[in-house]
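Welcome! Take each task first, then follow the solution step by step.

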Amino acid sequence: MSKIILAIESSCDETAAAIIKDEELLANIVSTQIEVHTKYGGVMPEIASRLHCENIAIVLKEALDKAQIKLEDISAVAVTRGPGLIGALHVGIQAAKTIALLYNKPLIPVHHLAGHIYANEYVKPLKFPLLAIVVSGGNTELVIMRDHLNFEIIGETKDDAIGECYDKVARVMGLPYPGGIPIDKYAKEGKHTYVLPRPLHDKSYDFSYSGLKTSVINLAHNLEQKGESINIPDLCCSFQETAIGMILEKALRAVKEYKVKQVVLAGGVSANSYLRAQIQEQLKNSNVEVVIPPMWCCTDNAAMIAKVASRLYDENVFAPLSISVDPSWKIDDFRNF
């Protein structure tokens, strides 16, 4: 009998639904809210939740129509339980619980970051032990996996995530939201001329981006007070090489210490061209395989949630309908709900 998983993702500002049948992706529908939030310079949680309510039924119907699947035919319904914005997560989980109840289907809670890691399986199978470099608007983590669904966080941000730092730095330079795209673009035109700090430049695997963000903001304000203009390409280049350099330095050290066979990028910032190029360049003469997710896998989507859910289904990891969301859910605690 075929295994058909319907997956729902609504952790931030994308409403998404996907369907896989025996590991074949039949549909992956994403409705993004970026255009709405751009005018505010960042995601407005209340607006995001309301838009999820408007879009959830639409993306579900479109996914079912594209896959030519009926709800009664699915084996299980999966949903992102966390981490993410609490209101946004609630929309997805209520939709999933409703389907599970009405059609008597098992409910599979999926960790959002596990989804980003497993998105790489649409490119190549995971090889263990591996290092996952998880970089996004809300998360910055180094995760070691010794087997499937086995996650050990060896390092994480102590304050701001790298993606959040990009957005705030872009704002002070007058660049549009989301900040990663324009900074990456201008960085290619500039030179590393501004001296910026590297917080937590130590032997740990943890990160701190608050000080780097504050340094750029203070630099911009000081230049403005002196009547001097910012060289946007140079500052973008200086910031990007510093911010990504922090990731690269610690990730490459972890590759050696944990003797990993594979490195995978995961999360929205994995779309960054400098990170993608540098991780491949630094490991090109090693025996470590580098897996770069396709661009469609970098932003939030439900195909990645379905990929994790398929493995959880095989292990009978199901949740009761009393389950709720967890905006701060840790990836190494993903079985506890």
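A residue is called buried under 20% relative accessible area, exposed over 50%, and partly exposed in between, using a 1.4 Å probe and protein chains only. This is a predicted model, in which local features need pLDDT of at least 70 and side-chain atom pairs count only at pLDDT 80 or more, while totals for chains, interfaces and linings use all residues. Residues are numbered from 1 along each chain as its sequence is written, and side-chain values use heavy atoms, with hydrogens and water left out.

**Exercise 1. Backbone angles**

Task: Is Gln68 buried or exposed?

Solution. Step 2: look at the backbone, where phi of Gln68 is near 55°, a positive value in a residue other than glycine. Step 3: Gln68 has a relative accessible area of 72%, so it is exposed.

Now try Leu200, in the loop between α6 and α7. Its phi is near 55°, a positive value in a residue other than glycine. With a relative accessible area of 30%, Leu200 is partly exposed.

**Exercise 2. Salt bridges across the chain**

Task: How many salt bridges does a search of the whole structure find?

Solution. Step 1: recall that a salt bridge is a side-chain nitrogen of Lys or Arg within 4 Å of a carboxyl oxygen of Asp or Glu. Step 2: the search finds 18.

Step 1: take Lys3 and Asp314, whose closest N and O atoms are 3.0 Å apart. This pair links distant parts of the chain, 311 residues apart: Lys3 is in the segment before β1 (4–9), and Asp314 is in helix α11 (residues 303–314). Lys3 is buried because its relative accessible area is 12%, whereas Asp314, at 53%, is exposed. Lys3 and Asp314 also belong to a network of salt bridges with Glu23 and Lys307.

Step 2: compare Asp160 and Lys213, with closest N and O atoms 2.9 Å apart. Asp160 is in the loop between β8 (152–156) and α5 (162–172), Lys213 is in helix α7 (residues 210–225), and 53 residues separate them. Asp160 is buried at 10%, and Lys213 is buried at 13%.

**Exercise 3. The nonpolar core**

Task: Which residues touch the most other members of the largest nonpolar core?

Solution. Step 1: a nonpolar core is a set of buried Ala, Val, Leu, Ile, Met, Phe, Trp, Tyr and Cys residues joined through side-chain atoms within 4.5 Å. Step 2: among the 47 residues of the largest core, the answer is Leu131, Ile133, Phe239 and Ile279. Step 3: α8 gives this core its largest share, 14 residues. Step 4: contact means heavy atoms within 4.5 Å; leaving aside residues up to four places away in sequence, Ile279 touches residues including Ile133, Leu248 and Val290.

Conventions
Helix = DSSP H or I, 4+ residues; strand = E, 2+ residues; numbered from the N terminus.
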